[in-house]
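Student: I have a new protein model open and would like to learn how to read it. Could you walk me through it, one feature at a time?

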Amino acid sequence: MSNTTNLLLPYLAVGQAQKHVTVNETLRKLDAIVQLSVTSASTASQPASPVDGAVYIIPAGKTGADWSAFANDSLGYYRDGAWVEITPREGWLAYVKDTDQLVAYSGSAWVGFPAAKILTVSATDKLLGRASSGAGAAEEVACTAAGRALIDDADASAQRTTLGLGTAATQNTGTSGANVPLLNGANAWSGAQTVNAQLVGKGTATNDNASAGYLGEIVASTVVVGSQVSLTSAAVANITSISLTAGDWDVSLLGIFNFGSTTSITRLFANISQVSATLDATPGAYADFTTAAMVPGAGVSGGLITLAVPPYRVSLASTTTIYAVALANFTVSTCAVYGRLAARRVR
């Protein structure tokens, strides 16, 4: 045997002349491969003016007078003005300067250093990271059962199920950094939410109605002329009523007073009230028509006067009955009232 088994370094022969030649050749090779550091593993063109002692991993597609004859993934070692090819052995490690990476020779190619194969942890469900604050050496961090379940989930849908979110998805909020609560399976938030920004919502694209409890919900009651309510002069009467659940509502009223041909009136009053057959004189809750005695239906078979109460805020802490009430002061003949009481939820 004329060479060592692993590094293939030449032995000195018994009685060999010029032993220094063999020794120096061995030292040069050791200088190249011990603490192996290569300039590049991707440079394909043979450098024109390499630094003495430079080592390169020869890539596929290499070019140059010397490199073109070297095997792919061999080492090109430049010393004493000449290139020498060194064949790597399985398990050699090399630091690649231009990419700041550690690579290993697998026996057929240079690959990223397989750190995972030599790192071990003390038990199942341990991760390597930093349990302590700040920079430093990697430490073992326990992976909880919940974390293990998320890791084992096949996709985001399965992870949402593990987290108890059903089929709900999340949306990137951009650069605001705000915390947005997650939706449940019905795409509904629970509890009060605050949005300190412009809120843009898409309206419905058809002629449907908002569901009960949602913004835009409408509750209404209409009394037609055939079911009009007969009034007694100076007595408050209910036209109709609606039941509203807790929340903020805009309530409006249209009261249409219907008179006989000889009915003389002095006052008409249409009102939104939370008490049956009771007037509420809060400004905005009523429409009032007061006049000197007049006969609206004079010369015809009867007359009509309409009083409208524009949207009036009603804020409720619990389910409440809202009444449309009316009052008429009149003499002679008759007076009746009909119309519509409506509410729209605004929050």
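Student: What does the secondary structure of the protein come to?

Tutor: The protein has 3 helices and 18 strands. Helices (H or I, at least four residues) and strands (E, at least two) are DSSP runs, numbered from the N terminus. Two notes before we go on. This is a predicted model, in which local features need pLDDT of at least 70 and side-chain atom pairs count only at pLDDT 80 or more, while totals for chains, interfaces and linings use all residues. Residues are numbered from 1 along each chain as its sequence is written, and side-chain values use heavy atoms, with hydrogens and water left out.

Student: How many residues of the protein count as buried?

Tutor: Buried means under 20% relative accessible area, exposed over 50%, and partly exposed in between (1.4 Å probe, protein chains only). Here 28% of the 347 residues are buried. The accessible surface, by the Shrake-Rupley method with a 1.4 Å probe, comes to about 20,800 Å², and 54% of it belongs to carbon and sulfur atoms.

Student: What share of the contacts joins residues 24 or more positions apart?

Tutor: A contact means heavy atoms within 4.5 Å. Among contacts with a separation of 6 or more, 58% are between residues 24 or more positions apart.

Student: Which residues touch the most other members of the largest nonpolar core?

Tutor: In soluble globular proteins, nonpolar side chains tend to be buried together. A nonpolar core is a set of buried Ala, Val, Leu, Ile, Met, Phe, Trp, Tyr and Cys residues joined through side-chain atoms within 4.5 Å. The largest one here has 35 residues, and L244, V251 and F257 touch the most other members. Elements that give two or more residues to this core are β10 (218-223), β12 (237-244), β13 (247-260), β14 (264-273), β16 (302-316), β17 (320-331) and β18 (335-345). Apart from this core lies another, of 14 residues, including I33, L36, A94 and V103.

Student: What is L244 in contact with?

Tutor: Leaving aside neighbours within four places in sequence, the contacts of L244 include V219, W249, V251, L316, I322 and A343.

Student: And where is I239, and is I239 buried or exposed?

Tutor: I239 sits in strand β12. I239 counts as buried because its relative accessibility is 7%. Not counting residues up to four places away in sequence, I239 touches V223, V229, A324, V325, A326, V337, Y338 and G339.

Student: Which strands form the open sheet of 3 strands?

Tutor: That one runs in the order β2-β3-β4, again with antiparallel pairing. Each of β2 and β4 has a single partner strand, so one side of each is left without a neighbour in the sheet. The twist averages 25 degrees from one strand to the next. In the pairing, 3 bridges join β2 (residues 55-57) to β3, and 5 bridges join β3 to β4 (residues 82-86). L75 has I57 as a bridge partner and is also paired with I86 in β4.

Student: Why is β3 described as largely enclosed?

Tutor: In a regular strand the side chains alternate between the two faces of the sheet. In strand β3 (residues 75-79), 5 of the 5 residues are buried, so the strand is largely enclosed by the rest of the structure. L75, Y77 and R79 are buried on one side, and G76 and Y78 on the other. The hairpin of β3 and β4 has 2 residues between the strands, and D80 there takes a positive phi near 55 degrees.

Student: How many disulfides does the structure hold?

Tutor: A disulfide is a pair of cysteine sulfur atoms within 2.5 Å. The structure holds 0 of them. C143 is buried at 12% relative accessible area, and C335 is buried at 3%.

Notes: Two strands pair if DSSP finds at least two bridges between them. Axes are lines fitted to C-alpha atoms, for helices over the stretch in contact, and angles run from 0 to 180 degrees between N-to-C directions.
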